[in-house]
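These are my notebook entries on one structure, written down in the order in which I looked things up.

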Amino acid sequence: MDILKYQSDFLSYLRTKKLVKEPKNLYEPIDYILQIGGKRIRPMLTLMASDIFSGDYKKAMPAALAVEVFHNFTLVHDDIMDDAPLRRGHKTVHEKWDINTGILSGDAMLILAYQYFENYEPIVFQKLAKLFSKTALEVCDGQQLDVDFETRNDVTIAEYIKMITLKTSVLVAAALKMGAIVADASEEQAQHLYNYGLNLGIAFQLQDDYLDTYGNPENFGKQVGGDIMENKKTFLYLKALEVSNTSDKEKLLQFYSKKQKNNTENNIEKVGTVSAIFTRNNIPEYTHQLIEYYTNKSFESLAYLKISQQAKDGLLMFGKNLMSRKV
């Protein structure tokens, strides 16, 4: 298992795809969002899973590309919904072009993702498409819950975990299972790998939530404090409501009762004050504890995988590295 090789080979494969064609205003934004970086975690997982079960990761390249294109499609539309100015340190698609372009190019990306499965035999295509359709709909479910939470004041931590499971972690899990499907692993083994990814995906999103408030803007690539500006009911916010005193709780509720559009002085004050409340109430520590819980829960699935110890160690190391990231 060579993570860096998966990544470099995937990027080489991506570069061979001629994404820009006529009409250019449809395809240039697609090429743009796919080329401006990103961690490429999901396609690497697809390649890794195929390698683990068959020793051949290159046959999983089309499936890995489908996962990456779909993931980026969700980012393009999420950025529109969140009115986000930055993605990976660059202008978001709707900022660089316009909202209509972002919507249509995103739609095209979803269709492109399905097309990449056509590289496989009918039985594999059917399994991939079935998992993909289920996952894509779950991601939409999660996104809608995320939007609904913005106007609710009674969101529970359990509801939040359900939302991020749907919005984020099901795609991490599906990326792994797709690699297992391409490698012709049994359904039982593919599902154990899916469970590993599902819990790792929850930990990954919790880490993302932490970095949104406490990350370095130069490394993070997104607007730090964006979740606070958008009144996102993240674990940090919900835990703060649970453990803080009356004064801090009232301040949080007041700040989250309205949005300050654009990066105004009010927004800067909001992010600063809310971050201080989080820090004062040990929210970073609570968040790290929950990240560790789901990471360890993920690792429990490794015991059921009939793979080499070397492969298990690789999955263990991958999870640990993912949770110690700063971007």
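**Ground rules.** I am working on a predicted model, in which local features need pLDDT of at least 70 and side-chain atom pairs count only at pLDDT 80 or more, while totals for chains, interfaces and linings use all residues. I number residues from 1 along each chain as its sequence is written, and side-chain values use heavy atoms, with hydrogens and water left out.

**Domains.** I looked up how the protein chain is divided and found domain 1 (1-130) and domain 2 (186-326), with bounds that come from an automatic or database domain assignment. Taken over C-alpha atoms, the centres of domain 1 and domain 2 are separated by 24 Å. Between them, 17 residues of domain 1 are in contact with 17 residues of domain 2, where contact means heavy atoms within 4.5 Å.

**Second largest pocket.** I then turned to the second largest pocket, which holds about 300 Å³ of space; a pocket here is an open set of points on a 1 Å grid over the protein atoms alone, where a 1.4 Å probe fits, with protein on both sides within 12 Å along at least five of seven lines, and lining residues have an atom within 4 Å of a point. The volume is the space filled by probe spheres set on the points, which are joined across faces, edges and corners. The lining has 15 residues, and those closest to the centre of the pocket are Ile3, Met44, Phe318, Asn321 and Leu322. I noted that helix H1 (3-16), helix H3 (41-54) and helix H16 (309-323) each supply at least two residues of the lining, and that H16 gives the most, with five residues; helices are DSSP runs (H or I, at least four residues), numbered from the N terminus. By domain, the lining draws at least three residues from each of domain 1 and domain 2.

In helix H1 I checked Gln7, which is partly exposed because its relative accessible area is 23%; with a 1.4 Å probe and protein chains only, buried means under 20% relative accessible area, exposed over 50%, and partly exposed in between. Leaving out residues up to four places away in sequence, Gln7 touches Lys39, Arg40 and Met44. Gln7 and Lys39 are 32 residues apart in sequence but 8.9 Å apart in space, C-alpha to C-alpha, and a polar atom of the side chain of Gln7 lies 3.5 Å from the backbone oxygen of Lys39. Gln35, in helix H2 (residues 24-35), is likewise partly exposed, with a relative accessible area of 37%.

I found Ser244 in the loop between helix H12 (235-243) and helix H13 (246-255), where it counts as buried because its relative accessible area is 12%. A polar atom of the Ser244 side chain lies 2.6 Å from the backbone oxygen of Ala240. Asp248 sits in helix H13 and is buried at 4% relative accessibility. The side chains of Asp248 and Arg280 are joined by a polar contact of 2.8 Å, that is, a pair of N or O atoms within 3.5 Å, of which, within protein, one must be able to donate a hydrogen and the other to accept it, with residues adjacent in sequence counted only if both atoms are side-chain atoms. Beyond four places in sequence, Ser244 touches Lys249, Leu252 and Asn281, and Asp248 touches Ile277, Arg280 and Asn281.

**Backbone angles.** Which peptide bond is cis? I noted the bond from Glu22 to Pro23, with omega near -5°, and placed Pro23 in the loop between H1 and H2. Asp184, although not a glycine, has a positive phi of about 65°, and lies in the loop between helix H8 (157-182) and helix H9 (187-214). Asn231 also has a positive phi, near 60°, in the loop between helix H11 (226-229) and H12. Asp184 is exposed at 66% relative accessibility, whereas Asn231 is buried at 4%.
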